[in-house]
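Here is my note on the model, as numbered points. Please read it with the structure open.

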Amino acid sequence: MHPIIIIGSGFAGYTLAREFRKLDSSSPLIIITSDDGRSYPKPMLSNALSKGKTAEQLALSSSEAIAKTLNITILNNSIVSDIDPQQQTVTITNVTPLHYKHLILALGATPIRNVLEGNATDDVMPINNLSDYTKFREQLVNANHVAIIGPGLIGCEFANDLINTGIAVSVIGPSKLPMQGLLPEPIATELKTTLSNAGVDWHFQSTVTTVNHATTKNKNSYELTLSNGDLIQADVVISAIGLCPNIQLAKTIGITVNRGIVTDEYLQASLPNIYALGDCAEVAGHNLLFIAPILAAAKALAKTLSGQTTAVKYPAMPVAIKTPNYPLIVATPALLAKGSWQFESASSGFGIKAVFTNDSAALLGFVLSGDMVSEKQVLTKLLPDILA
Ligand SMILES: Cc1cc2nc3c(=O)[nH]c(=O)nc-3n(C[C@H](O)[C@H](O)[C@H](O)COP(=O)(O)OP(=O)(O)OC[C@H]3O[C@@H](n4cnc5c(N)ncnc54)[C@H](O)[C@@H]3O)c2cc1C
């Protein structure tokens with residue numbers, strides 16, 4: 001019997017394998033992964049520093065330990081370079097193609113690269129996996145100042161984490177406020193002020209154009225030139241300008257892709273016996289790059305693969321943003337939702353409740369900050385499902 005093959009050993013691949021094994025203890029299952037197959041909590045990459053965690057301490061299990069516990073085969077450090085949907089095979093470079101019964105694409109997303117000039121652009125680092133985090137920790141030794149390109153969710157989380165360890169932080173981006181588009185203005189303004197007071201040096205409405213090795217001061221540091229002419233010296237430069245779902249492999253074999261690999265509510269891609277979940281997938285129109293939808297998708301797909309065809313359902317899934325100096329919970333309204341924001345300040349003076357309602361006063365989304373995050377549970381119950 002041909003095995004089920006999962007490509008990817010991130011939260012999506014491993015959660016699916018675990019959920020599948022709860023329902024089927026013996027069908028052959030192979031995970032192929034381009035990394036070393038260690039399992040780790042990716043969300044902790046952006047708050048591990050202030051918790052004093054090294055990459056080794058973040059890693060929960062080796063691929064060998066997972067393979068043994070789940071009774072599966074894991075081929076790590078193996079890149080899938082091709083898929084033959086007719087023959088139902090996957091090709092790993094220099095290895096005989098492997099046949100699959102069902103193929104699951106759990107390929108994740110790749111950091112978008114900045115278009116920069118200068119002689120140190122290769123040193124600008126995204127932090128999107130354990131090996132990036134290892135390099136980041138190495139670079140931080142003796143570092144006093146970190147520049148973060150991108151004042152979005154991930155950039156703000158790293159800024160808060162770094163500042164809480166006593167490292168100076170500059171954050172640069174074209175927007176007027178942090179997490180623009182995600183946070184309503186009054187909350188983004190409070191976040192900006194709170195992190196400023198903690199020491200974050202914001203450079204809004206400007207972009208980084210050039211990153212050079214510093215010629216003056218410390219030769220290991222960098223000099224950043226901004227579009228407004230400002231110069232910033234930093235010992236480490238992080239890029240956090242967004243992620244792009246890994247769709248290329250699917251696209252080359254003719255699977256329908258959009259922002260992500262397009263699937264229906266059964267996680268089925270446009271070719272038979274091929275499924276997708278996690279950051280790479282666009283499930284019934286939703287490309288949601290966070291943990292809760294992956295868990296829901298993995299549970300549904302595990303049932304389908306074990307013979308009980310099951311559609312995924314997404315309830316409302318508010319996300320806690322890891323900016324502990326200014327706690328935030330975000331339940332973003334659907335892109336085309338019609339309505340308006342209303343705001344209420346916390347009686348303590350720390351935090352805001354922002355609710356997005358339609359003409360009939362139905363709640364469609366919210367953002368809570370500071371002391372108002374305690375209202376999360378009550379409000380979540382009032383939100384509509386994302387995918388019913
Ligand atoms: C810094 C950071 C903080 C975050 N914080 C939160 C948070 O607080 N809350 C939250 O809900 N979410 C958070 N997220 C998002 C969440 O971590 C991701 O949505 C989730 O981990 C994605 O899992 P995945 O398995 O889809 O992708 P990944 O973890 O990226 O895994 C993809 C896998 O595919 C493999 N792969 C790719 N291409 C190939 C190939 N051709 N051949 C073989 N293998 C391949 C890779 O090696 C990897 O194993 C955060 C993300 C980041 C980066």
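Why does the shell around the ligand lie between domain 1 and domain 2?

1. Ligand site and domains. Both domain 1 (4–110 + 243–305) and domain 2 (121–239) give residues to the shell around the ligand, so it lies between them. Keep in mind that this is a predicted model.

2. Make-up of the shell. There are 34 residues around the ligand; Gly-8, Gly-10, Gly-108, Gly-278 and Phe-290 come nearest. Sorted by class, the shell has 19 nonpolar, eleven polar and four charged residues. Helix H1 (11–23) supplies at least two residues of the shell, and so does helix H8 (291–305).

3. Tyr-266. Where does Tyr-266 sit? Its place is the loop between strand S17 (261–263) and strand S18 (274–276). Tyr-266 has 17 C-beta neighbours inside 10 Å, so it counts as partly exposed.

4. Contacts of Tyr-266. Leaving out residues up to four places away in sequence, Tyr-266 touches Thr-304, Thr-309 and Ala-311. Take Ala-311: 45 residues separate it from Tyr-266 along the chain, yet their C-alpha atoms are 4.5 Å apart.

Conventions: Residues are numbered from 1 along each chain as its sequence is written. This is a predicted model: local features need pLDDT of at least 70, side-chain atom pairs count only at pLDDT 80 or more; totals for chains, interfaces and linings use all residues. A residue is near a molecule or strand if its C-beta atom, placed from the backbone, lies within 6 Å of it. Helices (H or I, at least four residues) and strands (E, at least two) are DSSP runs, numbered from the N terminus. Ala, Val, Leu, Ile, Met, Phe, Trp, Tyr, Cys and Pro count as nonpolar, Asp, Glu, Lys and Arg as charged, and the others, Gly among them, as polar. Domain bounds come from an automatic or database domain assignment. A residue is buried if 20 or more other C-beta atoms lie within 10 Å of its own, exposed if 12 or fewer, and partly exposed in between; C-beta atoms are placed from the backbone. Two residues are in contact if their C-beta atoms, placed from the backbone, lie within 7 Å.
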